[in-house]
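I opened this notebook page to record what I looked up in one model, taking the overall fold before the individual side chains.

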Amino acid sequence: MESSTAHRGNRHGRSEQARQAVLEAADDLLAERGFAGVTIEGIAARAGVAKQTIYRWWPSKVDVLLEAFTEDMAQHLTPQDHGNLETDLRTHLATLAEFLTDSDPGAVFRALTGQAQHDPRLATRLRDDHLSHQRDRDRLPLQRAIDRGELPADLDVDAALDHLVGPIYYRVLVTGSPVPRTFTDDLVAAFLHRHHRPN
């Protein structure tokens, strides 16, 4: 049953407190039960809202999970600017690896990616509407370094990103191997050896 306490809705007409409760409940349930174990009924019960409330805001559990994952990525995977390429890359890649392997949002990502193998529409949405935004964030340390003169102006940023973050996703999604800080630091060291222009 929804709380009788009135919450001011956001510009979309949602109660922000209830919306956050739903997103957190979806994260928690997926981490506990896996994709198949997440239901709208379960999310509603965990969040303390009516099932009809969720259906007013999201068409399906996939939509809830996608929104939760997208917000978590924006919150946790926006690279900080330390003013130094090596520090920026070491910090960001280590944070990305930890997010994908050890967090509830990382479990959401792995579940959605697995489901996307059987659902072409979900695969397209995940890639075009969600992961593309994270790729834009991943570009920030490289673009800042180009602007500072630490990297060549003609650097192929997309290829550089593939070399930096691709091995992390490969371990997370394909081999299941750990992604320790030594692994991400080695990726950064190899990249800097090829491209870095010390100031």
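**Entry 1, the whole chain.** I began by noting that this is a predicted model, and then I looked up its secondary structure, which comes to 9 helices and 0 strands. Read along the sequence, the pattern is accordingly α-α-α-α-α-α-α-α-α. For the dimensions I took the C-alpha trace, which spans about 60 × 35 × 30 Å along its principal axes. I also noted that 43% of the 199 residues are buried, and that the accessible surface comes to about 10,600 Å², with 49% of that surface belonging to carbon and sulfur atoms. Among contacts with a separation of 6 or more, 65% are made by residues 24 or more positions apart. For the charges, I found 23 positive and 30 negative ones, whose mean positions are 3 Å apart.

Which residues of helix 2 are buried? I found I40, G42, I43, A44 and A47 on that list, within a helix that covers residues 40-47. The buried residues of helix 2 pack against helix 1 (16-33), helix 3 (51-57) and helix 4 (61-76). After helix 2 comes G48, and I wrote down its positive phi, near 75°.

The structure holds 17 salt bridges, and I looked at some of them one by one. In the pair D63 and R125, the closest N and O atoms are 2.7 Å apart. Because D63 lies in helix 4 and R125 in helix 7 (residues 120-148), this pair ties together parts that are 62 residues apart in sequence. I checked the exposure of both partners: D63 counts as buried at 14% relative accessibility, and R125 is buried as well, with a relative accessible area of 19%.

I then turned to D81, whose side chain meets that of R144 in a salt bridge at 3.9 Å, N to O. D81 lies in the loop between helix 4 and helix 5 while R144 lies in helix 7, so the pair ties together parts that are 63 residues apart in sequence. The side chain of D81 also meets that of R148, here at 3.6 Å, N to O. Since R148 lies in helix 7 too, this second pair ties the loop to a part that is 67 residues apart in sequence. D81 counts as partly exposed at 49% relative accessibility, and I noted R144 as partly exposed at 21% and R148 as partly exposed at 27%. D81, D88, R144, R148 and E150 are linked in a network of salt bridges.

Is H92 buried or exposed? H92, which is found in helix 5 (residues 85-102), counts as buried because its relative accessibility is 5%, under the 20% cut-off. Not counting residues up to four places away in sequence, H92 touches L77, P79, Q134 and D138.

Y170, L173 and V174 make a nonpolar surface patch of about 300 Å². V174 has its place in helix 8 (residues 157-175) and is exposed, with a relative accessible area of 54%. L173 is in helix 8 and is partly exposed at 37%. Leaving aside neighbours within four places in sequence, L173 is in contact with F109, R110 and T113. I also looked up L173 against T101, and these two are 72 residues apart in sequence and 9.7 Å apart in space, C-alpha to C-alpha.

How values were computed:
Residues are numbered from 1 along each chain as its sequence is written. This is a predicted model: local features need pLDDT of at least 70, side-chain atom pairs count only at pLDDT 80 or more; totals for chains, interfaces and linings use all residues. Side-chain values use heavy atoms; hydrogens and water are left out. Patches are made of residues with over 30% relative accessible area and no salt bridge: like charges are joined within 9 Å, nonpolar side chains (Val, Leu, Ile, Met, Phe, Trp, Tyr) within 5 Å. Accessible areas come from the Shrake-Rupley method with a 1.4 Å probe; for residues, only the protein chains shown count as cover. A salt bridge is a side-chain nitrogen of Lys or Arg within 4 Å of a carboxyl oxygen of Asp or Glu. Helices (H or I, at least four residues) and strands (E, at least two) are DSSP runs, numbered from the N terminus. Buried means under 20% relative accessible area, exposed over 50%, partly exposed in between (1.4 Å probe, protein chains only). Contact means heavy atoms within 4.5 Å. Lys and Arg count as positive and Asp and Glu as negative; His and the chain ends are not counted. The place of a charge is taken as NZ of Lys, CZ of Arg, CG of Asp or CD of Glu.
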